Amino acid sequence: MAKLTKKQKEAASKIEKNRLYTLKDASALIKDVATAKFDESVDIAVRLGVDPRKANQMVRGVVTLPHGTGKDTRVLALVTPDKEAEAKAAGADYVGLDEYLQKIKDGWTDVDVIITMPAVMGKLGPLGRILGPRGLMPNPKTGTVTMDVAKAVQEVKAGKIDFKVDKTGIVHAGIGKVSFDADKIYDNAHEIIQTLIKLKPTAAKGTYIKSIHLSSTMSPAIALDPKAV
């Protein structure tokens, strides 16, 4: 196990062991324990009381963070020529179709989100083995397969993110930067937690929100009290 640096030890000492923090307190503390010289990302990890192997307990959704993610999301719009102008006007970083399909086939995936149209999905099927593992395959459930391409691009650029519970029952999401005010970190975290609560599967029994942790890129995780969010 790697040894902690002096800064990391100092940061860890500010987090009380065995204490469950309120979301408000954790949102302020995460700024205090971030020690890197760059603007660290703030991440949330929520362990859910679900069995992701069962289809009726799968938790997946989208949320628009009130204050965005703090990062410039690179968007590729795979659209027919008649939709190219509106995709560009909405702020898509890359717009086109066949040329980008070929680039992806050749291994290019230097984007964060791909937005496309229902008519184009058939062409994306063969690229599933490339896009799937990277979480880039467009999906109607997350709003990335739509005829209203401009709206989808604008929402992603404004801070809309999609999330999905992993095989261990945890939802991970980036919710901002440590340079954000504590109130903005709180608002973003609160929004995704409330969205997860609304998405509770009826088949899920027992405690639904088992644990919540807030962390930044280089800092130790802060444990939250699920009842105080």
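## Second largest pocket

In this predicted model, the second largest pocket is lined by Ala12, Ile15, Glu16, Lys17, Asn18, Arg19, Tyr21, Pro220, Ala221 and Ala223. Its volume is about 180 Å³.

How does this lining divide by class? It has 6 nonpolar residues, 1 polar and 3 charged.

## Largest pocket

The largest pocket has a volume of about 860 Å³. Its lining counts 34 residues. Which of them lie nearest the centre? They are Asp112, Arg134, Gly135, Asp162 and Phe163.

By class, 14 residues of this lining are nonpolar, 11 are polar and 9 are charged.

## Where the lining comes from

Five strands each supply at least two residues to the lining of the largest pocket: strand 1 (41–48), strand 2 (60–64), strand 5 (113–116), strand 6 (160–164) and strand 7 (170–177). Strand 7 gives the largest share, with 7 residues.

Domain 1 (16–69 + 160–224) and domain 2 (75–156) each provide at least three residues of the lining of the largest pocket.

## Aromatic pairs

A pair of aromatic rings is described by the distance between the centres and the angle between the planes. How many such pairs does the structure hold? There are 3 aromatic pairs. In one of them, the ring centres of Tyr94 and Trp108 are 5.3 Å apart. Their planes meet at 85°, which is over 60 degrees, so the pair is edge-to-face.

Are the two partners buried or exposed, or in between? Trp108 has a relative accessible area of 18%, under the 20% limit, so Trp108 is buried. Tyr94 has 25% relative accessibility, between the 20% and 50% limits, so Tyr94 is partly exposed.

## Charges over rings

Two lysines are placed over ring faces. Lys103 lies over the face of Trp108, at 4.3 Å from the ring centre. Trp108 thus has a lysine over its face and an edge-to-face pair with Tyr94.

The other case involves Tyr186. Lys24 lies over the face of that ring, at 4.0 Å from the ring centre.

Conventions:
Residues are numbered from 1 along each chain as its sequence is written. This is a predicted model: local features need pLDDT of at least 70, side-chain atom pairs count only at pLDDT 80 or more; totals for chains, interfaces and linings use all residues. Side-chain values use heavy atoms; hydrogens and water are left out. On a 1 Å grid over the protein atoms alone, a cavity is a set of points where a 1.4 Å probe fits but cannot get out, and a pocket is an open set with protein on both sides within 12 Å along at least five of seven lines; lining residues have an atom within 4 Å of a point. Grid points are joined across faces, edges and corners, and a volume is the space filled by probe spheres set on the points. Helices (H or I, at least four residues) and strands (E, at least two) are DSSP runs, numbered from the N terminus. Ala, Val, Leu, Ile, Met, Phe, Trp, Tyr, Cys and Pro count as nonpolar, Asp, Glu, Lys and Arg as charged, and the others, Gly among them, as polar. Domain bounds come from an automatic or database domain assignment. Rings of Phe, Tyr and Trp (its six-membered ring) pair if their centres lie within 6.5 Å; planes under 30 degrees apart count as stacked, over 60 as edge-to-face and the rest as tilted. Buried means under 20% relative accessible area, exposed over 50%, partly exposed in between (1.4 Å probe, protein chains only). A charge sits over a ring if NZ of Lys or CZ of Arg is within 6 Å of the ring centre and within 35 degrees of the ring normal.
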